[in-house]
Amino acid sequence: MADQDTVPPTRDEVLETYAKQGATAASEFAGVSKRTVQRWAASEAVTSGYKAPIIRMCPSAASYARGCRCEGCVVANREAQREIKDRRISRFRQGGVQINHGVSGYSNWNCRCELCRSSWSNYLRGRRNHVG
Ligand SMILES: [Zn+2]
Ligand SMILES: [Zn+2]
């Protein structure tokens, strides 16, 4: 121990790290357990302003929302969107939602009433005419 030339960080330094970067960083810095860091912090009445970021990593719809367009996130987002749509549609089926029948009723709500079906086929015909 005597010939070790690295000086272990002082408790103050550790607590400073704790305050700035959180318990995990401080415990790595000090080479002690997180529990020890927290005990020191409690005895010195130091609180950490650091909040561990709750970030869902790839692949996830949350990561897609942050701008990631990797394959996994695209798929996760598509599934999340489909779930949202499914929930919406089942609310509508249970009579909980009033909708505007027509193109949006057909595509957004999977409504197949006469008005929605005819609006939808008109819409498709219009689109084809635009393209052709
Ligand atoms: Zn991603
Ligand atoms: Zn309808």
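I would like to begin with a distance, which is that the centres of domain 2 and domain 3, taken over C-alpha atoms, lie 24 Å apart. Please keep in mind throughout that this is a predicted model, and that the domain assignment behind that distance divides the chain into domain 1, covering 1–51, domain 2, covering 53–97, and domain 3, covering 99–132.

Helix H1 spans residues 11–21 and helix H2 spans residues 23–30, and the two pack with their axes 7 Å apart at an angle of about 155°. Because angles over 145 degrees count as roughly antiparallel, H1 is roughly antiparallel to H2. The crossing in which H1 passes H2 is right-handed. On the H1 side the contact is made by Val-14, Thr-17, Tyr-18 and Gln-21, while H2 contributes Ala-23, Ala-25, Ala-26, Phe-29 and Ala-30. If we sort the residues of this contact between H1 and H2 by class, we find seven nonpolar and two polar residues, and no charged ones.

The next pair is H2 with helix H3, which runs over residues 34–43, and here the axes come within 8 Å and cross at roughly 105°. An angle from 65 to 115 degrees counts as roughly perpendicular, and therefore H2 is described as roughly perpendicular to H3. In this contact, Ala-23, Thr-24, Ala-26, Ser-27 and Ala-30 of H2 meet Lys-34, Val-37 and Gln-38 of H3. Divided by class, the contact of H2 with H3 has four nonpolar residues, three polar residues and one charged residue.

That leaves H1 with H3, whose axes come within 10 Å and cross at roughly 100°, so that these helices, too, are roughly perpendicular to each other. The residues that make the contact are Arg-11, Val-14, Leu-15 and Tyr-18 from H1, together with Val-37, Trp-40 and Ala-41 from H3. Of these residues in the contact of H1 with H3, six are nonpolar, none is polar and one is charged.

Which residues does Leu-15 touch, once those up to four places away in sequence are not counted? They are Trp-40, Ala-41, Glu-44 and Val-46. Leu-15 has its place in helix H1, and it counts as buried because it has 21 C-beta neighbours inside 10 Å, where the cut-off is 20 or more.

I will now move to the loops, starting with the one between H2 and H3, where Ser-33 is found. Ser-33 has 11 other C-beta atoms within 10 Å, and so it is exposed. From C-alpha to C-alpha, Ser-33 and Ala-23 are 9.0 Å apart in space, and they are 10 residues apart in sequence.

In the loop between H3 and helix H4, which covers 61–65, we find Pro-59, and the peptide bond that joins Cys-58 and Pro-59 is cis, with omega about -15°. The loop between H3 and H4 also holds Ala-45, whose phi is near 55°, a positive value in a residue other than glycine. Is Ala-45 buried or exposed? With 7 other C-beta atoms within 10 Å, Ala-45 is exposed.

A positive phi, near 55°, is likewise found at Asn-110, again a residue other than glycine. Asn-110 is in the loop between H6 and helix H7, the latter covering 114–131. Because Asn-110 has 15 C-beta neighbours inside 10 Å, it counts as partly exposed.

Finally, I come to Val-97, which is found in the loop between helix H5, 71–93, and helix H6, 103–109. Val-97 is exposed, since 12 other C-beta atoms lie within 10 Å and the exposed class takes in residues with 12 or fewer. Leaving aside neighbours within four places in sequence, Val-97 is in contact with Arg-91 and Phe-92. The C-alpha atoms of Val-97 and Glu-79 are separated by 23 Å, these residues being 18 residues apart along the chain.

Technical notes: Residues numbered from 1 in each chain as written. Chains lettered and ligands numbered in written order. Predicted model: local features only at pLDDT ≥ 70, side-chain atom pairs only at ≥ 80, totals over all residues. Domains from an automatic or database assignment. Axes fitted to C-alpha atoms, helices over the stretch in contact; angles between N-to-C directions. Helix = DSSP H or I, 4+ residues; strand = E, 2+ residues; numbered from the N terminus. Parallel < 35°, antiparallel > 145°, perpendicular 65-115°, else oblique. Left-handed = near helix turned anticlockwise from the far one by under 90°. Contact = placed C-beta atoms within 7 Å. Nonpolar A, V, L, I, M, F, W, Y, C, P; charged D, E, K, R; others polar.
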